[in-house]
Each structure stands twice: as structure tokens, then as C-alpha cells.
Amino acid sequence: MSDRLYTVLLYSDDPQVRDRMRLAVGTRPAADLRVEFTEAASYAECIRLVDDYEIDLMILDGEATPAGGIGIARQVKDDRADAPPTCVVIARAADRWLAAYAEVDATLVHPLDPVTTGSTVAELLRRHAGAGRAA
């Protein structure tokens with residue numbers, strides 16, 4: 001696997017949550033993967049970034065308001081055949097059923113553990129690259 005740069009979209013209405021997401025992922029979630037981040041603080045901004053740029057992974061705050069990450073994940077999956085993989089950060093592990101209904105690719109639970117977060121992000125990026133989207 002090449003040392004490719006991947007673009008990860010972080011969505012939350014709370015800048016502190018986006019900071020915690022960025023710190024948990026880091027710029028190298030695995031030795032062979034580098035990531036850069038773009039951020040959205042609103043539903044409209046999130047959708048615009050997905051529409052206008054090649055996003056390799058979306059990490060969405062399931063607790064964001066007024067538009068939660070689970071709803072955005074479902075909307076993007078419904079609207080786009082080429083939807084990027086999605087990871088939703090939830091507050092309660094019991095909400096995984098709702099994330100599964102929204103067809104998210106992975107869930108993480110607040111507070112984010114850097115080891116679990118990094119391995120989850122690396123797996124999603126590798127799987128996505130293997131599906132032919134990344135070079």
C-alpha cells in the first residue's frame with residue numbers, strides 16, 4: 001500500500017469535538033497512511049464538502065445538533081452511489097443499531113480512544129482504497 005494522502009471530513013457543530021476527533025485520528029493513523037482534515041460545522045457545509053471534493057472518509061458526530069451525524073450518514077448514503085465510507089461517533093454503545101440502520105461503515109464511542117480510532121480509520125481507508133476509489 002502506498003503512502004497516499006487521504007482526506008477525512010470531520011463533522012460536528014462543536015469545535016472541541018472536532019479537535020478531539022482530529023487528535024484521536026492523528027495525521028498518521030497507520031504507518032502507511034497519511035491524512036489531512038477538512039471540517040464542517042453544519043449540515044449544509046458537510047454536504048457541500050462531500051459534493052465538491054473527493055472525501056475519502058467522513059467522521060460524523062452522532063450527537064451534533066441540529067443535524068446529527070447518523071442522519072447525515074443516511075442522507076449521503078441515500079443520495080450518492082459513490083458515498084465515502086462513514087464513521088459515526090456516538091455517546092452510547094446502545095445507539096449502534098441506529099447507526100446500522102443508517103448504513104454507516106463503523107461506529108466509535110465517546111470518549112475516543114486513539115488506538116481504536118486509528119485502527120478503525122486505517123481499516124476504512126484501506127477498504128475504500130481496495131474498492132478502487134483511491135489510487
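Is Asp56 buried or exposed? Select Asp56 and have a look: it is buried, with a relative accessible area of 2%. Keep in mind along the way that this is a predicted model.

**Stop 1: around Asp56**

With Asp56 still selected, colour the chain by secondary structure. Asp56 sits in the loop that runs between α2 (43–52) and β3 (57–61). The Asp56 side chain comes to 2.8 Å from the backbone nitrogen of Thr7.

**Stop 2: the annotated span**

Next, select residues 7–125. The UniProt record, an unreviewed entry, annotates this stretch as "domain: Response regulatory".

**Stop 3: a bridge across the sequence**

Time for charged side chains; there are 13 salt bridges in the structure. Start with Arg4 and Glu54, whose closest N and O atoms are 3.5 Å apart. This pair ties together distant parts of the chain: Arg4 belongs to the segment before β1 (5–11), while Glu54 is in the loop between α2 and β3, 50 residues away. Arg4 counts as buried at 19% relative accessibility, because the cut-off for buried is under 20%. Glu54 has a relative accessible area of 42%, so Glu54 is partly exposed.

**Stop 4**

Move on to helix α3 (residues 69–79) and pick out Arg74 and Asp78, which are four residues apart, about one turn of the helix. Their side chains form a salt bridge, 3.2 Å from N to O. Arg74 is partly exposed, at 22% relative accessible area.

Then select Arg80 and Asp82. Here too the side chains meet in a salt bridge, with 3.1 Å between N and O. Asp82 is partly exposed, with a relative accessible area of 42%.

**Stop 4: a salt-bridge network**

Which residues join Arg18 in a network of salt bridges? Select Asp19, Arg22 and Glu39 along with Arg18, and you have the linked group on screen.

**Stop 5**

Zoom in on Leu98, which lies in helix α4 (residues 96–101). Leu98 is partly exposed, at a relative accessible area of 30%.

Definitions and conventions: Residues are numbered from 1 along each chain as its sequence is written. This is a predicted model: local features need pLDDT of at least 70, side-chain atom pairs count only at pLDDT 80 or more; totals for chains, interfaces and linings use all residues. Side-chain values use heavy atoms; hydrogens and water are left out. Helices (H or I, at least four residues) and strands (E, at least two) are DSSP runs, numbered from the N terminus. Buried means under 20% relative accessible area, exposed over 50%, partly exposed in between (1.4 Å probe, protein chains only). A polar contact is a pair of N or O atoms within 3.5 Å; within protein, one must be able to donate a hydrogen and the other to accept it, and residues adjacent in sequence count only if both atoms are side-chain atoms. UniProt positions are given in the numbering used here, feature names are shortened, and annotations may be inferred rather than shown by experiment. A salt bridge is a side-chain nitrogen of Lys or Arg within 4 Å of a carboxyl oxygen of Asp or Glu.
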